[in-house]
Amino acid sequence: MLSTFLSHQRKSFWRSRNRGSSIATQIVLGFFMLYFLVLALGAGFGMAHLLKYFFPNQDVIKSFNGIILYYFAFDFIMRVQFQDLPTLSIVPYLHLRIKKSKIIGFLNVKALFSAFNLWPFFIFLPFCFMKIAPTHGALLTITYIVSIFSLAVFNNYLALYIKRKSITNTWYTFVGFALFAGFAALDYYKIISIMAFSDAVFQAIAAHPYYGFIFPIAAFGIFKLNADFLRKNLYVEELSSKQEKKVSTDYAFLNRFGRVGELAALELKLILRHKRSRSSLILGFFFLFYGFIFYKEKAIDRNAFGQMMFAAIFMTGISIIIYGQFMFAWQSAHFDGILANKINFKDYIKAKFLLFTIGATVITLLASFYGFLSPKLLLLHIAAYLYNIGFGTVIVLYLATLNYKRLDINKAASFNYQGTGATQWLLMFPYALTPILLYLPFGIMNLPYWGLMVVSLFGLIMLLMRGFWVNFITAKFEKQRYKIAEGFRE
Amino acid sequence: MILEVKNLKKVYGDKTVVNIEHVQIEQGETVGLVGNNGAGKTTFFRMLLDLIRPSEGEILSKGENVMQSDNWKNYTASFLDEGFLIDYLTPEEYFIFIGGLHDLSVADVSAYLTQYGEFFNGEILNSGKYIRDFSKGNQVKVGIAAALMQKPEILILDEPFANLDPTTQIRLKNLLKAQSGSMTTFISSHDLNHVTDVCNRIILVEKGIVIKDFKTDENTLKELESYFSA
């Protein structure tokens, strides 16, 4: 029976409508997966070197022991946010002559098919074989592997259990990360050390390998807990997240924009009331930390704005890029309604510009904390901001008129690539290259501030030309609307 | 004459889905579009609402081609399917949004909605749910009420009786009959009883072609039944 279920699952994966629709998307995704795989393997095989680099005054095995619990704490937070609940797939089987225990077994097995369960093997196993085995021998290596595997399983089912009980909330993820960062800081300043704790745990296991049984027992315990919960609550409406009372809301600050504001408010609700768009939003906030990677002291000292331009464009324009890449498609479920109702297309396009401008402004204000690194970065951000709202919006909306792919916004959020086409991937090229090319000649002539000025000026001129761009996009939209509507009805 | 269809054709591949030579609709008529699945009813309605580009021909609303001008939106209300609902809004938000498009204030909208207490059967307003969480029948009710709220001169409904409970079907019929005369109504239905009851003109289509176009009288139902059982 289990194999039948799994074969159905495989079929639903390969035969789903959006799958295979665009080979280009598949290939790009394949590359991404491969990239992450190689990264994980690289981390796994280079673990000894990495640990030496980060913790130079410590024995590598001690460091290794120290990071295991950290890794799984991080893993757990990520799982709670991103791992999908395998629930809806069982609906067609519930009324058939199939034993409940079989269905539960299927749900439990299916839950193991998650990328999260793959990473630990790539990251930790090489080290186990390369370092632990020569030092401690085969028995302990096996204990390590079993422990790591059990921790992964433990996390897997605990995360699902928490999600099933609907005691999760996106904000908890933030709290989780804050706690995580807090403990890391405490570790750094040697106040409370989780690393030492983690090391002590595995030291104890090294001394008494049978202690290692704790992990499989814990994993089995949580597995049982999960299975029991499922057995008692095998009703789809109880397994999916709980309904809370919905209330009507009114965004007063948008009312001053009249009809355009009403349309923007409509879209704001769309973003806030769907899981997929909400998680895009949260992703946008995470990208605020992108600057810490790109804004190197050296680059700031040399005024190398060209190098940092990409990060600045990306951070201040993230809301435009992320939300804009599926523009119009977010509304595919009611696109017919928008066309048939008394909505002026020009207002409709203006609302998009308004929403983008608000989003970019908010995120640029948030990103101003980089001013503490160097006030120069604020100038860079202003240039990037003007470019984003002036010209980035135009690029995104123009490309949106070429996007006919339906997006089912009610489908679960993370790692859902429905509605992704080649256009989305190509979007980044003109978007990111234009300002860099504008800056480049001045960068070469060593006139960095002139470069920033030119980028800002370009953005400002485009912003002043917004009336023209609105008409331009509206005309294009009117021409394309049948095609877009047809694609969205699909 | 409020609506005129001229040489309308829609072709998908080598299949002609709609092929209507000439149809005129007079102001105040209640027209029923009847035909089996695949007759092209929904495609026709979509062209009427400028959602699909016709392969040939044109549709004139008050003499203006619907593709070239937006004026028809001022006096045309429609509900074809759930794709017309903005399903992540609460019903109140949706009504206020649609009302706002026609310059109705929030107070106007709530005044209008009070008459619909019976029609909604107490399940729609203040329910604390988004439209997407409603049953299909209740979603249809929201769509129809929102369409009627616009006080349209032309009303287009695609199979409005499907998914409704018997009580609501009868209420809807009464609502539609009460409006006849002032409003031009265009509905499609598989329910011959209802459609002959409500409409004063029936257009029978098959594979995109108009087979019959006639005024209803006491024999209409029998005629239609014998046509479809043949």
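This is a predicted model: local features need pLDDT of at least 70, side-chain atom pairs count only at pLDDT 80 or more; totals for chains, interfaces and linings use all residues.
The contact between the two chains takes 21 residues from chain A and 28 residues from chain B, where two residues count as in contact if their C-beta atoms, placed from the backbone, lie within 7 Å. On the side of chain A that touches chain B, the elements giving two or more residues are α13 (258-272), α19 (335-340) and α24 (466-489). Helices here are DSSP runs of H or I with at least four residues, strands are runs of E with at least two, and both are numbered from the N terminus. By class, that side of chain A divides into eight nonpolar, six polar and seven charged residues. Ala, Val, Leu, Ile, Met, Phe, Trp, Tyr, Cys and Pro count as nonpolar, Asp, Glu, Lys and Arg as charged, and the others, Gly among them, as polar.

Residues are numbered from 1 along each chain as its sequence is written, and chains are lettered from A and ligands numbered from 1 in the order in which they are written.

Let me turn to chain B as a whole. Chain B has eight helices and 10 strands. Its radius of gyration, taken over C-alpha atoms, is 18 Å, close to the 17 Å that the globule rule gives for 230 residues, so chain B is as compact as a globular protein of that length. The rule is 2.2 Å times the number of residues to the power 0.38. Along the principal axes, the C-alpha atoms of chain B fill a box of roughly 45 × 40 × 35 Å. Buried residues make up 46% of the 230 residues in chain B; a residue is buried if 20 or more other C-beta atoms lie within 10 Å of its own, exposed if 12 or fewer, and partly exposed in between, with C-beta atoms placed from the backbone. Among contacts in chain B between residues at least 6 apart in sequence, 68% join residues at least 24 apart.

How is chain B divided into domains? Domain 1 comprises 1-75 + 154-230, and domain 2 comprises 84-151, with bounds from an automatic or database domain assignment. The C-alpha centres of these two domains of chain B lie 24 Å apart. Their contact takes 10 residues from domain 1 and eight residues from domain 2. On the domain 1 side, β7 and α6 (166-179) of chain B each supply at least two residues, and the largest share, four residues, comes from α6(B). That side has six nonpolar, two polar and two charged residues.

Strand β7 (residues 154-158) of chain B also runs parallel to β6(B), joined to it by four bridges. Within this pair, B:Ala77 stands opposite B:Leu155 in β7(B). From strand β6 (residues 76-79) of chain B, B:Thr76 and B:Ser78 point one way and B:Ala77 and B:Phe79 the other way, and all are buried.

B:Asn7, in strand β1 (residues 3-12) of chain B, has a positive phi of about 45° although it is not a glycine. B:Asn7 is exposed, with 12 other C-beta atoms within 10 Å. Leaving aside neighbours within four places in sequence, B:Asn7 is in contact with B:Glu21, B:Glu56 and B:Gly57. B:Asn126 has a positive phi near 55° and lies in the loop between α4 (117-120) and α5 (136-149) of chain B.

Conventions:
Two strands pair if DSSP finds at least two bridges between them.
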